[in-house]
Amino acid sequence: MDENWGYVVAGYAVTVATLSAYGAWLWQRLRRARRGVGD
Amino acid sequence: MRLAHDALLVAGKDLRIELRSRVALQQILPFGAIVLVLFAFALDPDRGVLPRVAPGLFWTAVLLAALLSVNRAFALEEANAARDGLRLTGLDGAAVFLGKAAAVAVQLVVLEVVLGVGIVVLYDVSIRGVGLIVCAAVAATAGLAATGTVYGVLASGLRARETLVPLLVLPAVAPVMIGGTRAFEAALDGAPADGWPWVQLLTAFAVLAVVAGTLAFGPLLEEDA
Amino acid sequence: MSTRLKLLGAAAAASLLSLAVLALVVAPEDARQGDAQRLMYVHVPAAWLAYLAFFVTAVASALWLWKRTRSTTWDLLAGSSAEIGVVFTALALVLGSLWGRPTWGTWWEWDARVTTTAVLFFLYLGYLALRRTGATAEARGTRCAVAALIAFLDVPVVHFSVTWWETLHQDATVLNRELDVKMEGFWMPFTLVWSVVAFTLLYAFLVTLRLRLAELEEGREASDLERAIAERVRAGDPVPVGGS
């Protein structure tokens with residue numbers, strides 16, 4: 001079943017990437033909103 | 001009953017406007033017919049594909065035309081501040097909803113009759129199980145008209161209304177697509193017994209949509225847009 | 001960021017890290033699907049979170065609609081939770097696809113769960129588009145709340161429709177559409193439960209942050225408007241009173 005590890009890695013990578021990207025985006029927007037800078 | 005009377009009033013108004021402007025007749029109906037023709041280009045008419053997928057194509061064409069119909073129903077209200085006029089009449093939101101939905105439904109039924117002839121002629125379909133077809137169409141149309149009208153008022157007054165309503169309506173009426181197509185398939189296959197459960201589903205959906213619209217229309221109409 | 005929120009974030013991070021270890025190393029491979037089954041530990045919680053998020057949106061929307069409990073916070077919570085829900089729905093669909101390819105042989109199946117999840121995605125994508133049509137809770141609150149509730153109630157109807165459709169199309173070939181994995185031993189069910197807990201903590205953390213952001217932006221929206229009017233007044237412009 002080794003050939004399926006590609007899918008597993010892809011899946012976990014997509015999960016980490018998506019959640020990190022969303023988290024990072026949130027963080028950025030929060031910092032800007034707190035500083036009161038316009039978009 | 002007050003509600004029925006007021007609803008008929010609103011439906012009458014919308015249908016009278018249609019009779020005078022003939023937008024549904026001259027624009028939406030041809031649109032539905034053109035969609036049927038386009039499907040034939042998209043699929044292969046020679047290999048007997050069209051009769052098999054005719055139910056699905058029929059309901060897709062009806063669905064797309066319903067979007068135009070709903071759009072028109074609420075474009076009417078945006079001209080000349082008609083929406084404010086509607087609120088000033090003091091009519092119950094439920095009555096306005098039922099009236100507008102009924103008007104949309106009537107236009108859709110006319111469209112469906114024409115498109116029904118269309119699929120018989122263009123896709124070489126033979127109609128069997130007429131009772132099933134009629135009942136399925138009535139239930140499906142009620143659900144479509146009600147759902148479209150709810151989202152129509154929900155988005156009315158918004159600049160993005162015309163692009164929002166399709167995005168909102170299409171996923172919501174997935175059960176109508178599924179039920180309507182399956183019921184028609186059963187009718188055209190000559191196995192109507194398989195189709196009647198789908199009529200039940202379509203009816204349940206229609207009931208839910210009408211209830212939702214009746215409850216939500218009033219508060220939505222009150223919104224300042 | 002408050003201490004409680006920091007703790008929540010830390011808990012989420014810790015549980016997710018340990019989940020990775022459990023899911024990729026500790027849990028045994030499935031007898032039938034092999035290692036591909038490990039995607040269950042991210043796909044299932046993602047789907048669960050999507051439904052939880054949309055449930056929160058529905059409840060918050062109802063609280064907005066009921067005049068006695070109406071408050072900007074509910075509108076902002078509804079929007080925040082829906083946004084996160086859409087992210088998780090997309091994730092669930094992608095992960096389901098990646099899981100399905102080696103297991104079913106196809107990237108997609110039109111079974112009840114997958115189809116309903118796809119419709120769910122579009123329903124709430126529409127909701128998010130609707131939210132952008134009003135700058136303040138007052139302007140968009142009722143429309144969005146109604147849309148959210150209709151979407152939420154529609155989902156079981158869609159699911160039922162597709163399930164019914166499925167049962168009429170029983171294939172002769174036994175296609176393991178359901179992706180049902182037989183839970184064996186201790187570590188498989190444990191890891192699955194752990195994954196749901198970890199993702200739930202993550203959701204709680206994200207929705208709190210997102211709500212905070214929404215509140216800040218809403219406040220700025222309102223104060224921007226006030227500031228703009230105040231400037232006009234100072235400059236001597238007549239304050240517009242409805243209609244130009």
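**Exercise 1. Find the mean pLDDT of chain B, and the helices where confidence is lowest and highest.**

Step 1. Chain B has a mean pLDDT of 89, and 99% of its residues reach 70 or more; pLDDT is the predictor's confidence in each residue, from 0 to 100.
Step 2. This is a predicted model, in which local features need pLDDT of at least 70 and side-chain atom pairs count only at pLDDT 80 or more, while totals for chains, interfaces and linings use all residues. Residues are numbered from 1 along each chain as its sequence is written, and chains are lettered from A and ligands numbered from 1 in the order in which they are written.
Step 3. Within chain B, confidence is lowest in helix α4 (residues 82-88), with a mean of 76, and highest in helix α6 (residues 130-154), at 95.
Step 4. Keep in mind that where pLDDT is low, the predicted coordinates should not be read in detail.

**Exercise 2. Describe the fold of chain B: how many helices and strands does chain B have?**

Step 1. Count the elements: chain B has nine helices and zero strands. Helices (H or I, at least four residues) and strands (E, at least two) are DSSP runs, numbered from the N terminus.
Step 2. Look at the extent: the C-alpha trace of chain B spans about 55 × 30 × 30 Å along its principal axes.
Step 3. Look at the contacts: of those in chain B with a separation of 6 or more, 84% join residues 24 or more positions apart. Two residues are in contact if their C-beta atoms, placed from the backbone, lie within 7 Å.

**Exercise 3. Work out which chains touch, and which pair shares the most contacts.**

**Exercise 4. Is C:T57 buried or exposed?**

Step 1. Locate C:T57 in helix α2 (residues 40-65) of chain C.
Step 2. C:T57 is buried because 29 other C-beta atoms lie within 10 Å. The cut-offs are 20 or more such atoms for buried, 12 or fewer for exposed, and partly exposed in between, with C-beta atoms placed from the backbone.
Step 3. Leaving out residues up to four places away in sequence, C:T57 touches C:A78, C:S81, C:A82, C:G85 and C:A148.
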